Amino acid sequence: MATEYSDHVESKDKQPRTARGLKTKRKLLDAAALEFGEKGFHEASITGITQRAGTALGSFYTYFDSKDELFSALVKDMSARVKSDAASAMTEWQDALEREKQALESFMNFAREHKEIYRIIDEAEFVDPDSYRAHYEATAARIFERLKEGEKAGDLRNDLEEAHAWAIMGMNVFLGLRYGIWSEEKSSTEIAEIANDILAVGISSDKGKL
């Protein structure tokens with residue numbers, strides 16, 4: 001699991017300039033994930049976050065001006081980590097469908113390790129709508145890019161649209177909720193294989209096909 005700081009989340013004057021600063025900011029983001037995930041945005045506190053991080057209160061204001069700013073940074077950071085994890089997982093794929101399988105399996109594992117992600121992203125719809133929308137738009141865009149690459153490689157049919165990417169993302173999100181957050185009764189691999197089968201052959205019976 002990558003734990004480095006995602007340097008795209010703040011303005012340059014808030015970015016750490018030393019290894020110690022990078023470590024401190026990473027601690028604050030990780031602590032914020034736990035605090036927001038456990039208590040929700042409104043009940044979470046800056047003091048609670050710094051206590052979890054084991055940092056001084058002043059360290060918080062070195063990197064963030066407010067709880068709202070930290071929350072926005074956290075949404076972007078978690079989105080970036082999901083992206084990074086998926087990219088790292090998609091290393092030994094033979095075709096486009098196999099790549100989607102690896103991407104979903106990676107997401108399932110991430111969700112199980114960071115169960116707070118669903119509450120944080122869901123709250124972002126109301127706390128930080130721009131980050132909420134950006135998270136899903138960026139995720140769908142990555143899937144759509146992969147689909148178009150699959151078209152060019154001849155692995156997928158050549159009439160796929162953006163809506164297909166959103167449909168795949170929706171399936172992945174709710175599979176992660178059901179089998180990553182609510183229960184872990186099936187392995188991440190099993191769930192990814194089921195989703196992959198839907199992409200490959202659909203769910204209609206032979207007699208239902210023309």
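A helix axis here is a line fitted to C-alpha atoms over the stretch in contact, and angles run from 0 to 180 degrees between N-to-C directions. Helices are DSSP runs of H or I, at least four residues, numbered from the N terminus.

Two remarks on the source. This is a predicted model, where local features need pLDDT of at least 70, side-chain atom pairs count only at pLDDT 80 or more, and totals for chains, interfaces and linings use all residues. Residues are numbered from 1 along each chain as its sequence is written, and side-chain values use heavy atoms, with hydrogens and water left out.

Now the helix pair. H1 covers residues 19–39 and H2 covers residues 46–53; they pack at about 125 degrees, with axes 8 Å apart. The two are therefore oblique to each other: under 35 degrees would be roughly parallel, over 145 roughly antiparallel, 65 to 115 roughly perpendicular, and the rest is oblique. Their crossing is right-handed, that is, the near helix is turned clockwise from the far one by less than a right angle.

Which residues in H1 meet H2? Among them are Leu 28, Ala 31, Leu 34 and Phe 36, and on the H2 side the partners include Ile 49, Thr 50 and Arg 52. Contact means heavy atoms within 4.5 Å.

Phe 36 leads on to the rings. There are 7 aromatic pairs in the structure, where rings of Phe, Tyr and Trp (its six-membered ring) pair if their centres lie within 6.5 Å. Phe 36 and Phe 41 are stacked, because their planes are at 20 degrees, with the centres 5.8 Å apart; stacked is under 30 degrees, edge-to-face over 60, and tilted the rest. Phe 60 and Tyr 61 are edge-to-face, at 5.1 Å and 75 degrees. Phe 36, Phe 41 and Phe 71 make one aromatic cluster.

Buried or exposed? Phe 36 is buried at 0% relative accessibility, and Phe 41 is buried at 6%. Phe 60 is buried at 0%, whereas Tyr 61 is partly exposed at 42%. Buried is under 20% relative accessible area, exposed over 50%, partly exposed in between (1.4 Å probe, protein chains only).

Last, the serine. Ser 131 sits in H7, residues 129–153, and is buried at 6%. Leaving out residues up to four places away in sequence, Ser 131 touches Ser 72, Val 75 and Lys 76.
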